[in-house]
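Welcome! Let us walk through this structure together, one feature at a time.

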Amino acid sequence: QVQLVESGGGLVQAGGSLTLSCAASGSMLVIDDIHWYRQAPGKQRELVAAITRGGNTNYADSVKGRFTVSRDNAKNTGYLQMNRLKPEDTAVYYCNANIIRYGSTRGYWGQGTQVTVSS
């Protein structure tokens, strides 16, 4: 059984920082791309950042220069470091990863973690 487990959300004041983690559990697996999405109330889910297994990254324009996506392949874990947070960053954050296991690739979602930025 493969699961993506997120942690690290919470309440922070504007200008503060949070780091989200996304850990894959299960045996005999390799994580390919990792994506971070967020969904604010009444809005569509949007892609925030992504990182390939080799470490290439992409960011939404709204978070460039403030958020950093990284990963530890040995720990099967991805991270989203969020600095200089703004109230408009308030959302539920989800990680999504393509996981290779026994020769097959499948996408998995984390359970989501709430990030609330107060002004």
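How many bridges join strand E7 (residues 67–72) to E8? There are 6 of them, and the two strands run antiparallel.

## Before we start

This is a predicted model, in which local features need pLDDT of at least 70 and side-chain atom pairs count only at pLDDT 80 or more, while totals for chains, interfaces and linings use all residues. Residues are numbered from 1 along each chain as its sequence is written, and side-chain values use heavy atoms, with hydrogens and water left out.

## An open sheet

Here, strands (E, at least two residues) are DSSP runs numbered from the N terminus, and two strands pair if DSSP finds at least two bridges between them. An open sheet is formed by 4 strands in the order E1-E3-E8-E7, with antiparallel pairing. Its edge strands are E1 (3–7) and E7, each of which pairs on one side only. From one strand to the next, the twist averages 15 degrees (axes are lines fitted to C-alpha atoms, and angles run from 0 to 180 degrees between N-to-C directions).

Now look at some partners. E3 and E8 (residues 77–82) pair in the antiparallel sense over 6 bridges. Thr19 has Gln81 in E8 as its bridge partner, and Leu18 stands opposite Met82 in E8. E7 and E8 form a hairpin with 4 residues between them, and Asn76 in the turn has a positive phi of about 50 degrees. As a handy general point, side chains in a regular strand alternate between the two faces of the sheet.

## The disulfide

The structure holds 1 disulfide, which joins Cys22 to Cys95 with an S to S distance of 2.1 Å. This pair links distant parts of the chain, as Cys22 is in E3 (residues 18–25) and Cys95 is in E9 (residues 91–101), 73 residues apart.

The torsion about the S-S bond of Cys22 and Cys95 is about 70 degrees, so the disulfide is right-handed. Are Cys22 and Cys95 buried or exposed? Both are buried (under 20% relative accessible area; exposed is over 50% and partly exposed is in between, with a 1.4 Å probe and protein chains only).

## The nonpolar core

A nonpolar core is a set of buried Ala, Val, Leu, Ile, Met, Phe, Trp, Tyr and Cys residues joined through side-chain atoms within 4.5 Å. The largest one has 30 residues, and among those with the most contacts inside it are Trp36, Phe67, Leu80 and Met82. E9 gives the most to this core, with 5 residues.

## A cluster of rings

Rings of Phe, Tyr and Trp (its six-membered ring) pair if their centres lie within 6.5 Å; planes under 30 degrees apart count as stacked, over 60 as edge-to-face and the rest as tilted. Tyr37 and Trp109 form a tilted pair, 5.1 Å centre to centre with 50 degrees between the planes. Tyr94 and Trp109 form an edge-to-face pair, at 6.4 Å and 85 degrees. Ring pairs link Tyr37, Tyr94 and Trp109 into a cluster.

Trp109 counts as partly exposed because its relative accessibility is 40%, whereas Tyr94, at 17%, counts as buried. Arg45 lies over the face of Tyr94, at 3.9 Å from the ring centre, and also over the face of Trp109, at 4.8 Å (a charge sits over a ring if NZ of Lys or CZ of Arg is within 6 Å of the ring centre and within 35 degrees of the ring normal).

Methods: Disulfide = S-S within 2.5 Å.
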